[in-house]
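Thanks for coming, everyone. I have a few minutes on how one chain is put together. Have a look at this first.

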Amino acid sequence: MSTIRVRLPDGSVREFPRGTTALAVAEAIGPRLAKAALAARIDGVVRDLTTPLEKDCDLEILTWEHPEGREVYRHTSTHVMAQAVKRLWPETKLTVGPPLENGFYYDIDTPRPITPDDFPAIEAEMRKIIEEDLPIIREEVDREWAKRFFAERGEDYKVLLIDKIPEGEPITIYRQGEFVDLCTGPHLPSTGRIKVIKLMSVAGAYWEGDQRNKQLQRLYGTSFEKQSDLDRYLKQLEEAKKRDHRKLGPELGLFTFKEEAPGFAFWLPKGYTLYRILENWSRSLQEPRGYQEVRTPWLYSSKIYETSGHWFHFRENMFTFESESQAYAVKPMNCPGHCLLFKNEVRSYRDLPLKIAEYGPLVRYEPSGTLHGLLRVRGMHQDDAHIFVREDQIEEQILEVQGIIDEIYGALGMPYTVKLATRPENYMGDPALWERAEAALAAAMEKAGIKYELNPGEGAFYGPKLEYHITDALGRTWQCATIQLDFQLPQRFDLTYVDADGQHKRPVMIHRAIMGSIERFIGILTEHFAGTFPVWLAPVQVRVLPIADRHHDYAQKILSDLKAAGFRAEADLRNEKIGYKIREAEVQKIPFMLVVGDKEAESGTVSVRRRGMKDEGSMPFAAFLDLLRREVAEKAMDEAARKATTL
RNA sequence: GCCGGUUUAGCUCAGCGGUAGAGCAACCGCCUUGUAAGCGGUAGGCCGUGGGUUCAAAUCCCACAACCGGCUCCA
């Protein structure tokens with residue numbers, strides 16, 4: 001039979017001579033499709049456009065509109081980049097170069113470090129390679145031949161990579177001009193198909209991601225079909241930069257960092273207001289559920305961490321020192337202290353579940369290179385709690401915590417997904433207990449009707465954990481809330497309670513945090529809302545703007561009434577035009593501006609303007625207070641906040 | 001911690017061997033102001049810190065620190 005039947009995505013079936021390439025099929029369908037074609041999905045597998053079709057199949061032509069099409073485009077782009085680098089520095093050794101969501105990178109071992117100053121030369125060479133429109137040819141080769149081939153070319157890493165390919169799998173190489181790379185593909189038909197390229201940055205990266213291995217140069221780039229798409233992407237990056245909490249925090253007077261205390265935030269009055277709102281919100285959800293808040297020491301003898309196991313597992317990450325020949329550490333987490341509190345009294349089964357909450361300071365040594373604004377700090381405070389339970393209470397307690405999580409993330413409009421992190425390599429304790437703990441967490445999620453993924457080997461050393469990954473306005477995910485089940489610390493601290501039968505029994509410990517580090521949480525919220533906090537969170541809710549000096553008395557009266565009603569307000573009494581005052585309030589993202597002049601002072605009204613909106617006209621001051629009360633009580637999201645969180 | 005980069009006025013940045021500059025903010029005047037920047041003036045800097053090269057260093061070299069982009073790590 002010399003023809004084959006090809007079924008297209010719309011269900012239609014067309015016949016072609018056997019051996020017709022996917023690209024030829026695209027051409028037969030239409031010249032525009034052929035021009036846009038980047039790759040082909042043949043019976044569900046993404047392949048080169050140049051792949052000959054040998055039998056009846058399903059065929060989909062992939063273009064820029066398909067994520068897989070973009071991936072192929074970026075994958076070829078990274079080959080072009082590698083080729084350019086090899087032309088400029090032939091001694092360069094290649095390792096791996098995958099596509100990314102918005103670009104690509106290649107990890108290379110270069111004779112000297114690449115710097116951004118080299119980018120223009122590399123980009124120019126890339127454009128030349130694109131200009132040359134080199135055909136890209138796939139070849140399946142013999143394993144030994146490939147090893148010899150790459151060894152001769154000095155591509156030592158490629159030889160190592162070949163050894164990692166499982167026996168029996170085909171070894172494929174791709175050629176474009178003088179450049180040959182070990183690669184599974186697929187790729188574009190020729191280098192000329194790439195239109196717009198740009199190198200983005202260069203960074204260090206370890207071979208195989210292992211710190212003990214040699215550090216390579218990771219060269220990042222991106223590519224698009226249209227210049228306008230690149231421009232839009234660069235603009236997006238600019239926008240993201242504008243809502244960077246490290247920029248917004250100081251601008252909005254929330255917090256600042258100083259060289260004298262790396263990794264610690266200075267909370268400015270407005271930021272600390274926000275901080276206290278979040279902390280008190282947490283209290284208001286926990287106290288009715290029977291949590292008891294404590295404050296425990298922040299400096300401990302190393303002995304307590306030897307007991308807990310942290311000394312062995314995390315000594316390198318604690319600030320430790322010696323005093324009177326005794327080793328001490330600044331508290332990096334609350335659990336050991338809470339274990340001591342549990343032991344402070346004889347506990348009855350009637351005391352369980354015992355919920356101990358603490359918002360105290362924690363200090364962890366984070367290596368200097370890892371610090372990142374509020375998102376990675378050395379000094380922090382968690383909305384932390386430990387729940388001591390009987391084994392039969394585990395499920396109900398996890399479900400209760402689940403309720404708090406839903407309330408908090410629901411109010412903030414942040415969806416989450418759950419992962420169950422299981423026993424890591426450096427685990428402590430009896431594997432049988434681990435299995436029970438993992439099963440208990442899984443059962444609780446089943447009961448709550450929440451789907452979860454497994455995150456194998458990512459649990460804490462003392463127990464498995466449920467990780468809540470929340471998604472922010474920019475679509476990034478953050479792990480904030482966590483529920484961890486721990487059979488180990490109760491054992492190591494020899495915690496017991498007296499059960500109904502008079503026997504001493506071992507409690508189980510649930511470690512849980514919902515916002516996680518409040519510092520980090522504020523960093524995330526700042527970027528999520530782009531600083532446009534909804535009125536119930538905003539450090540300043542209202543700013544009163546008098547038109548002229550003669551309205552200052554009325555403005556002051558409005559201000560003091562707002563404060564008396566429990567709102568966070570300020571007045572702008574500077575000698576400036578109203579437009580100027582409004583601009584400043586807008587820049588500070590204050591939810592409500594109250595303009596007051598002759599008309600308002602006479603009639604006891606205020607002229608209301610919401611941030612991001614126009615003048616909304618005047619209303620009696622009492623009516624405005626009602627409006628404000630309602631929006632705060634409802635945790636309402638105003639138009640500007642909604643806009644900031646929906647991109 | 002590792003690789004690369006950056007560090008000049010409160011902020012954003014220019015200056016890149018020859019006596020420190022701009023805009024915005026701040027302060028002081030004038031204007032008494034009606035919904036996103038009124039006008040004029042004043043003041044402000046051991047050019048991240050410490051060494052070195054040079055007749056001369058913000059500028060060149062070295063070390064350290066902080067920060068930025070990544071990597072590794074994250075109880």
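Chain A is assigned domain 1 (3–63), domain 2 (68–225), domain 3 (284–526) and domain 4 (542–644). Those bounds come from an automatic or database domain assignment. The centres of domain 1 and domain 4, taken over C-alpha atoms, are separated by 63 Å.

Some ground rules. This is a predicted model, where local features need pLDDT of at least 70, side-chain atom pairs count only at pLDDT 80 or more, and totals for chains, interfaces and linings use all residues. Residues are numbered from 1 along each chain as its sequence is written, chains are lettered from A and ligands numbered from 1 in the order in which they are written, and side-chain values use heavy atoms, with hydrogens and water left out.

Now a sheet. Its strand order is β8-β9-β10, it is open, and the pairing is antiparallel. Strands here are DSSP runs of E, at least two residues; helices are runs of H or I, at least four; both are numbered from the N terminus. Two strands pair if DSSP finds at least two bridges between them. At the edges sit β8 (136–141) and β10 (179–182), each pairing on one side only. β8 and β9 (residues 171–176) share 6 bridges. One of the residues involved is I136, whose bridge partner in β9 is Q176.

Next, the helices. α3 lies across β8, β9 and β10, at about 125° to β10. Axes are lines fitted to C-alpha atoms, for helices over the stretch in contact, and angles run from 0 to 180 degrees between N-to-C directions. Contact means heavy atoms within 4.5 Å.

How do α3 and α4 cross? The axes of α3 (residues 67–88) and α4 (residues 119–132) come within 8 Å and cross at roughly 115°. That makes the two helices roughly perpendicular (65 to 115 degrees). Their contact includes V80, M81 and L88 of α3 and I122, M126 and I129 of α4. It divides into 10 nonpolar, 2 polar and 3 charged residues. Nonpolar means Ala, Val, Leu, Ile, Met, Phe, Trp, Tyr, Cys and Pro; charged means Asp, Glu, Lys and Arg; the others, Gly among them, are polar.

Last pair. The axes of α5 (residues 143–152) and α6 (residues 156–164) come within 8 Å, crossing at roughly 165°. These two are therefore roughly antiparallel (over 145 degrees). Among the contact residues are F150 of α5 and I162 of α6.

Notes:
Angles under 35 degrees count as roughly parallel, over 145 as roughly antiparallel, 65 to 115 as roughly perpendicular and the rest as oblique.
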